[in-house]
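Me: Please take a close look at one part of the structure below, and then connect that part to its surroundings. I would like the cut-offs stated as you go.

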Amino acid sequence: KKPKDSTKDSHNLGKSLLIELIDFMLLRSFKRGIFLKDNYNLFEDFVFYLEIRTNDNKFITVKRGVSNNNSICLKIHEEKYQDYRNELDSFWDKSNISFEKAKEELDNLLDLSSISPKWEYRKGITYFLRSQRDYGDVFQISKFSIGKHAYWKPYMARILGFNEDLIEQKYLKDDAIAEKEKFKLQFEETVSIDPQDFDKLQGIIRIKEKEISQ
């Protein structure tokens, strides 16, 4: 703690803001909840650069501004620690491409073979850029707290070295069972007979059949 200010301690160094900024540069959508969006008037003129090392020891520099955050520039280079702040648009390998196109290009360049082509690179970013609310559970981070487990558990199975296809098949079976249960309930609502009366009805039918034969 800071001796003269008990409200300031090591939990307020800006770690969460740095995580948000890195996530923004890894092409997170620009929406409320990001400090750049919530404080747009302060950061409107800022342009950020992020250098990423790939698996084949090349480098990608991502250029993204705050005001024109849907227009992205990418540069592939051999040497690290490059400063491209003063370069013209013509310098970039991919200049001012759209947000979705930039994600597609970056996914191809990163070539994360352990998860592609089934999942793109952003699928698991939050596991490595955890905010405070992501430490409650090792596997189910906050962005997966709402929605079906089938959305994230196969991915986690792959990362841990298991066969994700078995997990996916399990959830497909669960969905099929749920659909049949739904159909069963809807069908039961259309008839006046309780399924539990089946044996009783079978007995009555046999009695009537005997009466008819007599």
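Reply: Ile-159 is found in helix 6 (residues 153-159), where helices (H or I, at least four residues) and strands (E, at least two) are DSSP runs numbered from the N terminus. The model is a predicted one, in which local features need pLDDT of at least 70 and side-chain atom pairs count only at pLDDT 80 or more, while totals for chains, interfaces and linings use all residues. Residues are numbered from 1 along each chain as its sequence is written, and side-chain values use heavy atoms, with hydrogens and water left out.

With a relative accessible area of 42%, Ile-159 is partly exposed; buried means under 20%, exposed over 50%, and partly exposed in between, with a 1.4 Å probe and protein chains only. Together with Val-138, Phe-139, Leu-160 and Phe-162, Ile-159 makes a nonpolar surface patch of about 500 Å². Such patches are made of residues with over 30% relative accessible area and no salt bridge, like charges being joined within 9 Å and nonpolar side chains (Val, Leu, Ile, Met, Phe, Trp, Tyr) within 5 Å. The areas come from the Shrake-Rupley method with a 1.4 Å probe, and for residues only the protein chains shown count as cover.

Turning to charged pairs, a search of the whole structure finds 15 salt bridges, each being a side-chain nitrogen of Lys or Arg within 4 Å of a carboxyl oxygen of Asp or Glu. In helix 7 (residues 164-190), Lys-170 and Asp-174 are 4 residues apart, and are therefore separated by about one helical turn; the closest N and O atoms of their salt bridge are 2.7 Å apart. Lys-170 is partly exposed at 44% relative accessibility, and Asp-174 is partly exposed at 30%. Glu-188 and Lys-184 are likewise 4 residues apart in helix 7, about one helical turn, and form a salt bridge whose closest N and O atoms are 3.0 Å apart. Glu-188 counts as partly exposed at 26% relative accessibility, as does Lys-184 at 43%. Salt bridges that share partners also join Lys-118, Arg-158, Glu-164, Asp-165 and Glu-168 into one network. Arg-28 and Asp-23, on the other hand, are both buried, and their salt bridge has its closest N and O atoms 3.7 Å apart.

Leaving aside neighbours within four places in sequence, Leu-36 is in contact with Leu-21, Phe-24, Phe-30, Phe-43, Phe-48 and Val-66, contact meaning heavy atoms within 4.5 Å.

The buried residues of helix 4 (residues 99-110) are Phe-99, Ala-102, Glu-105, Leu-106, Asp-107 and Leu-110, and they pack against strand 1 (47-53), strand 2 (59-65), strand 3 (71-77) and strand 4 (94-98). Just after helix 4, Asp-111 takes a positive phi of about 50 degrees.

Note on methods
Expected span 1.5 Å × (residues − 1).
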